[in-house]
Every structure is written in structure tokens, then in C-alpha cells.
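Subject: Structure for your review

Dear colleague,

Please find below the structure that I am handing over to you, together with its sequence.

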Amino acid sequence: MSVKKTWIPCTDKTIQDTLDKVWEYAKTAGYAKKDKPALYIVKSKAYYGICHQEKNGTASIAINEKYVGNKDSNILNVMIHEVAHACCDFGEKHGAKWKSVSYALGSHFNETIKRTNSSTETGVDIKGNVTYKYSVKCSKCNNTWHRTRMCGLIEHPQTYICPYCKTQTIVKNY
């Protein structure tokens with residue numbers, strides 16, 4: 001199986017035990033129809049975990065390095081999310097089958113599984129301190145949006161309608 005070069009094999013016992021526990025239940029419940037995924041650690045500011053699947057059905061799961069040795073984190077929630085991906089067909093992403101499997105696994109472990117989580121839900125801050133270069137705000141209701149890089153909202157705020165007050169009053173770089 002091809003995995004990213006930056007992925008290193010996981011040696012953290014807590015993370016390994018969590019995968020074993022979730023995979024064993026997924027297998028017992030009939031969701032896991034293939035071999036247990038290989039487990040890796042990855043350095044990322046973009047995701048808490050990722051499941052990489054090959055077309056032949058094999059899978060690998062990489063967990064963010066911030067979970068290693070972190071006793072306060074909710075690794076179970078992230079692992080259930082990724083195991084649900086590993087149980088689904090190649091290319092399923094967050095579709096109906098993934099939702100069904102993640103709900104069933106989450107219910108068994110008393111966890112609410114979502115497509116995305118925040119650092120307060122996971123107990124891990126993967127982004128660190130973010131510096132925003134751009135800001136726009138609605139001059140009517142004062143809601144503000146921050147961006148780290150240039151995008152349509154920043155370049156042409158006059159073409160956007162505020163989702164809160166429904167007016168076209170967004171102003172640039174206050």
C-alpha cells in the first residue's frame with residue numbers, strides 16, 4: 001500500500017488500543033469486511049485523522065501527531081470517524097454509507113461522530129496560533145469573517161450578501 005512519505009508507523013499504545021477496540025467492534029457488527037488498517041502518525045495542521053484507501057480495498061489510517069501521549073484528547077471520536085471510512089467502499093467519503101456506519105459505531109461507544117470537529121471537541125489544537133491577513137465585516141450587523149489568504153470574499157466583498165442580516169453591506173478590511 002502506498003502511503004504518504006511523511007507518515008510514520010504509530011507506536012503509541014493508547015492510539016493502537018483505540019484502533020483495535022473500534023475495529024474489533026466494527027468487525028463483530030459486520031461493518032469491517034477487510035483487514036484492519038495500518039496505523040500511522042502524521043504531522044498536519046489540516047486534519048485530526050485521515051483514512052487512505054486503495055482501490056483494492058486496503059486502507060491505512062493516519063492520526064495527527066498531537067494525539068501522541070495526549071491523555072486529555074478524544075482519540076476515540078477521531079478513530080471511529082476514520083474506521084467508518086475504512087469500512088466503506090473506495091470513494092465513499094462522507095456519503096450515506098459512511099453516515100450509517102459512523103452513527104452505528106458512535107452509538108456503540110456513546111460518541112457523536114461528525115464530518116468535522118473543533119479543537120474543543122477533540123481536546124487537540126492542530127492549527128496553533130493562526131494569523132489572519134484579511135478581514136471583512138457587515139456594516140449593518142457587524143458580523144466579521146477572517147481569512148488567512150486571498151479569496152473571492154476578500155477581493156470582491158460587494159458581491160456577497162451577509163448570511164445573517166441578508167443585506168449587501170459587506171465592507172473590506174476594517
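The notes below take up the sheet and its helices, the nonpolar cores, the salt bridges and the aromatic pairs in turn.

Please bear in mind throughout that this is a predicted model.

Sheet and helices

The sheet is open and consists of four strands in the order 1-2-4-3, with mixed pairing. At its edges lie strand 1 (8-9) and strand 3 (49-53), each of which pairs on one side only. Strand 1 is joined to strand 2 (residues 38-42) by two bridges, and the two pair in the antiparallel sense. Within this pairing, Pro 9 stands opposite Tyr 40 of strand 2. Helix 2 (residues 75-87) packs on the sheet, where it touches strand 2, strand 3 and strand 4. The direction of helix 2 makes about 15 degrees with that of strand 3. Helix 1 (residues 13-28) lies across strand 2 and strand 4 (59-64), and it runs at about 140 degrees to strand 2.

Nonpolar cores

The largest nonpolar core comprises 32 residues. Those with the most contacts inside this core are Ile 15, Leu 39, Ile 61, Ile 63, Tyr 67, Met 79 and Val 83. At least two residues of the core come from each of helix 1, strand 2, strand 4, helix 2 and helix 3 (96-108). The element that gives the most is helix 2, with nine residues.

Leaving aside residues up to four places away in sequence, Met 79 touches Ile 15, Thr 18, Leu 19, Val 22, Leu 39, Ile 61 and Ile 63. There is also a second, separate core of nine residues, including Tyr 134, Val 136, Trp 145 and Ile 170.

Salt bridges

Side chains of opposite charge can pair when their charged atoms come close. A search of the whole structure finds three salt bridges.

One of them joins the side chains of Lys 13 and Asp 17, with a distance of 3.0 Å from N to O. Both residues belong to helix 1 and are four residues apart, about one turn of the helix. Lys 13 is exposed, at a relative accessible area of 57%, whereas Asp 17 counts as partly exposed at 36%.

Another salt bridge is formed by Lys 36 and Asp 20, whose closest N and O atoms are 2.5 Å apart. This pair links distant parts of the chain, 16 residues apart: Lys 36 is in the loop between helix 1 and strand 2, and Asp 20 is in helix 1. Lys 36 counts as partly exposed, at 41% relative accessibility, and Asp 20 is likewise partly exposed, at 34%.

Glu 24 and Lys 27 also form a salt bridge, with 3.9 Å between the closest N and O atoms. These two residues lie in helix 1, three residues apart, about one turn of the helix. Glu 24 has a relative accessibility of 42% and counts as partly exposed; Lys 27, with 45%, is partly exposed too.

Aromatic pairs

The structure holds four aromatic pairs, and two of them are described here. The ring centres of Trp 7 and Tyr 40 are 5.7 Å apart and the planes stand at 45 degrees, so this pair is tilted. Trp 7 lies in the segment before strand 1 and Tyr 40 in strand 2, so that the pair links distant parts of the chain, 33 residues apart. Trp 7 is buried, with a relative accessible area of 6%, and Tyr 40 counts as buried at 17%.

The pair of Tyr 25 and Phe 109 is edge-to-face, with 5.9 Å from centre to centre and 85 degrees between the planes. Because Tyr 25 lies in helix 1 and Phe 109 in the loop between helix 3 and helix 4 (119-122), the pair ties together parts that are 84 residues apart in sequence.

Yours sincerely

Notes: Residues are numbered from 1 along each chain as its sequence is written. This is a predicted model: local features need pLDDT of at least 70, side-chain atom pairs count only at pLDDT 80 or more; totals for chains, interfaces and linings use all residues. Side-chain values use heavy atoms; hydrogens and water are left out. Two strands pair if DSSP finds at least two bridges between them. Contact means heavy atoms within 4.5 Å. Axes are lines fitted to C-alpha atoms, for helices over the stretch in contact, and angles run from 0 to 180 degrees between N-to-C directions. A nonpolar core is a set of buried Ala, Val, Leu, Ile, Met, Phe, Trp, Tyr and Cys residues joined through side-chain atoms within 4.5 Å. Buried means under 20% relative accessible area, exposed over 50%, partly exposed in between (1.4 Å probe, protein chains only). A salt bridge is a side-chain nitrogen of Lys or Arg within 4 Å of a carboxyl oxygen of Asp or Glu. Rings of Phe, Tyr and Trp (its six-membered ring) pair if their centres lie within 6.5 Å; planes under 30 degrees apart count as stacked, over 60 as edge-to-face and the rest as tilted.
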